[in-house]
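Student: Hey, can we go through this structure together? I'm new to it.
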Amino acid sequence: MAQVQTVTGAVASNSLGYTLTHEHFALDFTHFHCDPPQPLASILQQPRITLENVGYVRQYPYSSAYNLSFNDEDTKLAVEKDVEAFKRFGGGTIVENTSHGLSRNLGLMHDISMATGVKVVAGTGHYVASMQSASTLAMTVEQLTDMYSKEIISGVDVNPNLNIKCGFIGEVGSGWPLHDFEKKAIKATGEIQEVIGCGVSFHPGRNEEAPFEIIRLYLEAGGKASKCVMSHLDRTLLCDEKLLEFATLGTFTQFDLFGTECSYYQLNPQTDMPSDGQRIAKVLKLVAEGRESQVLMSHDIHTKHRLAPFGGHGFSHILNNILPRLNVRGLSLEQIDRITIENPSLWLQGKF
């Protein structure tokens, strides 16, 4: 039987249940701090999120140092509570996409999985070049493939009593234009995917040509399109024609910013961030074109304000608020299960 590698061991691929395919439990995102509008500086510099400032934090999430500190004790406690709620509302599995360069915490993933009963899948791979050390940037393709394969096959020794195996490669990050290191990481990902057969997940730069260039490099390296997820398409391919053109390449098309309802996008101010209503429309468009077997959905929670204990939508948002809307808009329960249960299982399964 096909299996999926979780942080607590391999499980049957048909046991995942409802699955979020792109989330984070802990990472260091302070590199992406944005200066706040001057009149709001003192509000956004406050050391806590409160009822008095949460509205400003939602509007300018990358201008609050406390909000970006997603690896402190406050975050750990909030994440565990939020994952517990996800389990209570029917959730089964969370794919944790924190890769090298973002301060990945495998031990925390294991602890939360054990405490909540939610299956957690960890990734290997490297995030964008700007988050890497000089020694990492100098790594060869061969060194990268060796690292990725070892972390999947042999695992990572978190402590003398705990070894954790990764279950996919991701998120493999790149900017635009692609840095030479990012090209090496993509090539290494394709080469290892061909050998091991694991799933992979890419983070594209904020340009509509970025997903196409990544897939070109990945396929040329031997990677299989049907085991590949392209993340963040809801902020990258805004035009339906481009989205449908990309879908013909055969990868999973992922909409993973559900719950983000602020149109001002600090990391790319030239582009408006879509709403959940627009994301739903994209999903329905792909389904209407016969592409439901390629659709994945998630939240990409990576700042405090999006966790339920800090007043956010939390990991249960899609389950509680989006799936009923998809059903009202015409998707059958079978189609919803295909997107939220079967598609993730097919992506993640391998011979572990």
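Tutor: Contact here means heavy atoms within 4.5 Å. This is a predicted model, where local features need pLDDT of at least 70, side-chain atom pairs count only at pLDDT 80 or more, and totals for chains, interfaces and linings use all residues. Residues are numbered from 1 along each chain as its sequence is written, and side-chain values use heavy atoms, with hydrogens and water left out.

Student: Okay, which strand does D28 lie in?
Tutor: D28 lies in strand β4, residues 27-28. Helices (H or I, at least four residues) and strands (E, at least two) are DSSP runs, numbered from the N terminus.

Student: And what does the side chain of D28 make a polar contact with?
Tutor: With the side chain of T30, at 2.7 Å. A polar contact is a pair of N or O atoms within 3.5 Å; within protein, one must be able to donate a hydrogen and the other to accept it, and residues adjacent in sequence count only if both atoms are side-chain atoms.

Student: New topic: why is helix α5 called largely enclosed?
Tutor: Because eight of its eleven residues (106-116) are buried. Buried means under 20% relative accessible area, exposed over 50%, and partly exposed in between, with a 1.4 Å probe and protein chains only.

Student: What covers those buried residues of α5?
Tutor: The cover includes α4 (73-88), β6 (91-96) and β7 (119-124). At the N-terminal end, N105 caps α5, with a side-chain oxygen 3.4 Å from the backbone nitrogen of G107. After α5 comes G117, whose phi is positive, near 85°.

Student: How many residues are in the largest nonpolar core?
Tutor: It has 89 residues, and F25, F202, M297, F315 and L326 have the most contacts inside it. A nonpolar core is a set of buried Ala, Val, Leu, Ile, Met, Phe, Trp, Tyr and Cys residues joined through side-chain atoms within 4.5 Å. There's also a second, separate core of eleven residues, including W347 and L348.

Student: Is C262 buried or exposed?
Tutor: C262 is buried, because its relative accessible area is 17%.
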